[in-house]
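This report concerns the pockets, the nonpolar cores and one backbone feature of a predicted model. The sequence and structure are shown first.

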Amino acid sequence: MNIRIISPGKTKQRFIEDGIDEYMKRLRPFARIDWISTPDQPLRKTNTIDIVKQTEAEHILKRVEPGFTIALDEHGREMTSPDLAEFFQRYEKIQFIIGGVYGMADSVRDKADMVLSCSRFTLTHQMIRLLLIEQVYRAFTINHNKKYHY
């Protein structure tokens, strides 16, 4: 299986990067994971939050490839870990899109095949990276009858 994760900017907190690296290593036997970082756009006096979101969206949408695309957004559908595991069995290629600091432009959500919420909590886009990769790993352990998911 191929999984792409597209997100603006680089992971800035070392503890999050360490966690992502750990799950990426654990996922190697199960899937090919491509992490695509697009440029993030700082908010300046000369632009607005909407301009930042739209500019990030343009960079993200250029990187989307054919395959089932899931946009992560707090207002999306919720899924359990077993639901996600079952979902992975249906597709050979899945792309996840994580929004930036100010969220995701409507143009990205509209292009996605599904909008998924990781939580009703407000979480940073940096933290979502770690949460997502852990859930991807958990889904593979469920599908391969590993004990991790218990």
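M79, T80, S81, L84, L116, S117, C118, L131, L132 and Q135 line the second largest pocket of this predicted model. Two or more of these lining residues come from each of α3 and α5, and α5 gives the most, with three residues.

The largest pocket has a lining of 23 residues, and D73, E74, G103, L123 and I128 are the closest to its centre. Both β3 and α5 supply at least two residues of that lining; β3 gives the most, with four.

The largest nonpolar core comprises 31 residues, within which I70, F88, F96 and V136 have the most contacts. At least two residues of this core are supplied by each of β1 (2-8), α1 (14-27), β3 (68-77), α3 (81-88), β4 (93-98), β5 (114-116) and α5 (125-143). The greatest contribution is that of α5, with nine residues. Beyond its neighbours within four places in sequence, F88 contacts M1, I3, I94, F96, V136, A139, F140 and N143. A further core of 10 residues lies apart from the largest one and includes I36, A57, I97 and A112.

In the segment after α5 lies N145. Although not a glycine, N145 has a positive phi of about 55°. Most residues other than glycine have a negative phi. N145 is exposed, with a relative accessible area of 68%.

Methods
Residues are numbered from 1 along each chain as its sequence is written. This is a predicted model: local features need pLDDT of at least 70, side-chain atom pairs count only at pLDDT 80 or more; totals for chains, interfaces and linings use all residues. Side-chain values use heavy atoms; hydrogens and water are left out. A nonpolar core is a set of buried Ala, Val, Leu, Ile, Met, Phe, Trp, Tyr and Cys residues joined through side-chain atoms within 4.5 Å. Buried means under 20% relative accessible area, exposed over 50%, partly exposed in between (1.4 Å probe, protein chains only). Contact means heavy atoms within 4.5 Å. On a 1 Å grid over the protein atoms alone, a cavity is a set of points where a 1.4 Å probe fits but cannot get out, and a pocket is an open set with protein on both sides within 12 Å along at least five of seven lines; lining residues have an atom within 4 Å of a point.
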